[in-house]
Amino acid sequence: MKSFLKALANMFSKYDPEDIFLNTPLQQYKGRIEINKVVKLGNCRVHYSPDYLFQTPDEVLNILKDQSLLWMDNQNSLLGFTDQKRTLLIPLNKISRIEIQNVLKGRGPAEACLWVYLYEKSFVMLSISPEIYYYDQYAEEINKKTGFAVTFSPEFYNA
């Protein structure tokens, strides 16, 4: 009976992506990072992605200073998104565009999402902000620094 109640409670408990981080060892990037362009995005958390998640390289930690960074390494053809602990590293040749999506408050919370869309018809979520329209202020700078088109998904209510 206890296992049934525990399973039932887990079904209705709030998902916390931080739980995944605690149980997943981060891979280390073996190359040397050379950051060419940086967009400072305030204090955002890196979202979980099993294919692109790495421990933050020392070269990035040296310039981080308590902010999240979206950066490019032209030497290694990488787009990076970094916070204090984690980094998403995505090969530039896989990226088709960057997208911002604002979710309006409904039954669920309002939030803003930052995505990278890949040519192979998939995507990687970089980060979620609890502040709606948070990433809108960075759209032009992201476009200028990365060269990727920044698009906006239609807003919808979180029902």
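**Figure 1. Isoleucine 95 touches Leu79, Ile90, Val116, Tyr117, Leu118, Tyr119 and Phe148, leaving aside its neighbours within four places in sequence.** Contact here means heavy atoms within 4.5 Å. Before you zoom in, note that this is a predicted model: local features need pLDDT of at least 70, side-chain atom pairs count only at pLDDT 80 or more, and totals for chains, interfaces and linings use all residues. Residues are numbered from 1 along each chain as its sequence is written, and side-chain values use heavy atoms, with hydrogens and water left out. You'll find isoleucine 95 in strand 6; helices (H or I, at least four residues) and strands (E, at least two) are DSSP runs, numbered from the N terminus. Is isoleucine 95 buried or exposed? With a relative accessible area of 1%, isoleucine 95 is buried (buried means under 20% relative accessible area, exposed over 50%, partly exposed in between, using a 1.4 Å probe and protein chains only).

Figure 2. Back at isoleucine 142, skip the neighbours within four places in sequence and you'll see contacts with Val39, Leu41, Leu70, Ile98, Leu114, Gly147 and Val150.

**Figure 3. Tyrosine 29 and phenylalanine 54 make an aromatic pair, one of 5 found in a search of the whole structure.** A pair of aromatic rings is described by the distance of the centres and the angle of the planes. Rings of Phe, Tyr and Trp (its six-membered ring) pair if their centres lie within 6.5 Å; planes under 30 degrees apart count as stacked, over 60 as edge-to-face and the rest as tilted. These two rings have centres 6.0 Å apart and planes at 85 degrees, so they meet edge-to-face. Because tyrosine 29 sits in the loop between helix 2 (17–23) and strand 1 while phenylalanine 54 is in strand 2, the pair ties together parts 25 residues apart in sequence. Tyrosine 29 is partly exposed, at 26% relative accessible area, whereas phenylalanine 54 is buried, at 12%.

**Figure 4. Ring pairs link Trp115, Tyr117 and Phe123 into a cluster.** Tryptophan 115 and phenylalanine 123 are edge-to-face, 4.9 Å centre to centre with 85 degrees between the planes. Tryptophan 115 counts as buried at 12% relative accessibility, but phenylalanine 123 is partly exposed at 46%. What sits over the ring of tyrosine 117? It's the charged end of arginine 97, 4.1 Å from the ring centre; a charge sits over a ring if NZ of Lys or CZ of Arg is within 6 Å of the ring centre and within 35 degrees of the ring normal.

**Figure 5. Aspartate 66 and lysine 121 each have a positive phi without being glycine.** Phi is near 60 degrees for aspartate 66 and about 65 degrees for lysine 121. Aspartate 66 lies in the loop between helix 3 (58–64) and strand 3, while lysine 121 is in the loop between strand 7 and strand 8. Aspartate 66 is exposed, with 62% relative accessible area, and lysine 121 counts as exposed too, at 79%.
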